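Visitor: I am new to this structure and would like to learn how to read it. Where do we begin?

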Amino acid sequence: MKIFVDTGSIKDIQTIADLGILDGVTTNPSLLAKEPGDFKANLKKICEIVQGPVSGEVTATDFAGMMREGHDIAKIDSHMVVKVPLTRDGIKACKALSGEGIKVNVTLCFSAGQALLAAKAGATFISPFVGRLDDISTNGMELIREIVTIYKNYGFKTEVLVASCRHPMHIVEAAKMGADICTCPPAVIEALYNHPLTNIGLEKFLKDWEKAQAVKA
Ligand code: G3P
């Protein structure tokens, strides 16, 4: 399963990339708005660091505007993926941009029917938001199970990019269901390798080692 980081922070992306397990980056207008500098220059830097898919989202809500912004985003770097919202115009733009060979990530997906439409429109990635569904007392991971089943039934090539991941169990559950990718904030990726028994175990190994060295000295 691929792991993407969901942030616009170049510093955080570099830190996670240094781990050697980072496959891509997703951004959205809220995340990019927090960062200083020109957003296109920032996306270019991110592509250079990651050398994998980097999603940049359109802010236009009409088809023509999405196409215009989509072309601009795709021009930034060959790793850029154009993110469009799962609206009527977004699906139309997905079909058109995909037809031109541009990779599209369809975002703000909250139902299996929406995911089916995105796949039919040739999306490279579908982004169902699990955390935001959990927030309204709806099981976000059930949506992932449905989408994975539907895509498998019909051999759709669209990759399931689990978004709005809030904790490591979202990632583990997504992996068990066979989702292709999880995109998570840096803190959630950091939380994956933290385990109290690992820390306790390491502390004991090092103490035992030091004790043995002292006896030998
Ligand atoms: O980038 C899309 C998504 O991952 C946002 O997550 O935590 O704002 O619901 P969140």
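Guide: We will go through salt bridges, the ligand site and a surface patch. Keep in mind that this is a predicted model.

Visitor: How many salt bridges does a search of the whole structure find?

Guide: Side chains of opposite charge can pair when their charged atoms come close. Here the search finds 10 salt bridges. One of them joins E159 and K2, with the closest N and O atoms 2.7 Å apart. E159 belongs to strand β7 (residues 159-162) and K2 to strand β1 (residues 2-6), so this pair ties together parts that are 157 residues apart in sequence.

Visitor: What separates K211 and D208 in helix α11?

Guide: K211 and D208 are 3 residues apart in helix α11 (residues 196-216), which puts about one helical turn between them. Their closest N and O atoms are 4.0 Å apart in a salt bridge. K211 is exposed, because its relative accessibility is 55% and the cut-off is over 50%. D208, at 34%, is partly exposed.

Visitor: Which residues are around the ligand?

Guide: They are D6, N28, K83, F129, R132, A163, S164 and R166. A polar side-chain atom of R132 is 2.6 Å from an oxygen atom of the ligand. For S164 the corresponding distance is 2.7 Å, and for N28 it is 3.0 Å. The ligand taken alone exposes 310 Å², of which the protein buries 83%.

Visitor: Which residues make the nonpolar surface patch?

Guide: L19, I21 and Y193 make a patch of about 290 Å². I21 sits in the loop between α1 (10-19) and β2 (24-26), and counts as partly exposed at 40% relative accessibility.

Notes. Residues numbered from 1 in each chain as written. Predicted model: local features only at pLDDT ≥ 70, side-chain atom pairs only at ≥ 80, totals over all residues. Heavy atoms only, no water. Patch = residues over 30% accessible without salt bridge, like charges linked within 9 Å, V, L, I, M, F, W, Y side chains within 5 Å. Areas by Shrake-Rupley, 256 points an atom, 1.4 Å probe, with all protein chains shown as cover. Salt bridge = Lys/Arg side-chain N within 4 Å of Asp/Glu carboxyl O. Helix = DSSP H or I, 4+ residues; strand = E, 2+ residues; numbered from the N terminus. Buried < 20%, exposed > 50% of the residue type's maximum accessible area, 1.4 Å probe, protein only. Near = heavy atom within 4 Å. Polar contact = N/O pair within 3.5 Å; in protein donor to acceptor, adjacent residues only side chain to side chain.
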